[in-house]
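Here are my quick notes on this model, as numbered points. Have the structure open while you read.

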Amino acid sequence: MTTAIRLLVLLSGVLFLVTGLRWLVAPAGVAPDFGLVLGSGIGLSSQIGDMSAFFLTLALCILMGLTTRRSIWYYPAITLLSLTAIGRILAWLLHDAALAMNLIAPEVLVALLLFFAARYLPDRA
């Protein structure tokens, strides 16, 4: 069971790493996945910088949790994913944004997976 959890956590970390690197290397290819049109000037800089930092931070925290076997590393990723899902829901409720369930569902599922991993994968003493 712990091997399956570790593999799912590793998969999510690798997917976030790839997404973060795509934002740095080929943002035009990844932006549409998030319903974004790339801006220009400072807007483009903000999109690439913010989005790559978001996904690379998720990947770093998840992979550090796996390699160090310290559950504390999962909590920043859980927080980022949870706040992102909440922000999307509030954008829908308060600002007439589309309800992005195709983005919210994976955020919630991975946050729950990481919470489960933080609770049930053994910490290194």
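1. First, a word on exposure: buried means under 20% relative accessible area, exposed over 50%, and partly exposed in between (1.4 Å probe, protein chains only). Met-101 comes out at 45% relative accessibility, so it counts as partly exposed. You'll find Met-101 in helix H5 (residues 101-120); helices here are DSSP runs (H or I, at least four residues), numbered from the N terminus.

2. Ground rules: this is a predicted model, where local features need pLDDT of at least 70, side-chain atom pairs count only at pLDDT 80 or more, and totals for chains, interfaces and linings use all residues. Residues are numbered from 1 along each chain as its sequence is written, and side-chain values use heavy atoms, leaving out hydrogens and water.

3. Thr-84 sits in helix H4. Its relative accessible area is 18%, so Thr-84 is buried. Between the C-alpha atoms of Thr-84 and Phe-34 there are 13 Å, with the two 50 residues apart along the chain.

4. The largest cavity holds about 60 Å³, counted as the space filled by probe spheres set on the points. Helix H3 (41-68) and H5 are the elements giving two or more residues to that lining. Among the lining residues are Arg-6, Tyr-74 and Asp-123.

Methods. On a 1 Å grid over the protein atoms alone, a cavity is a set of points where a 1.4 Å probe fits but cannot get out, and a pocket is an open set with protein on both sides within 12 Å along at least five of seven lines; lining residues have an atom within 4 Å of a point.
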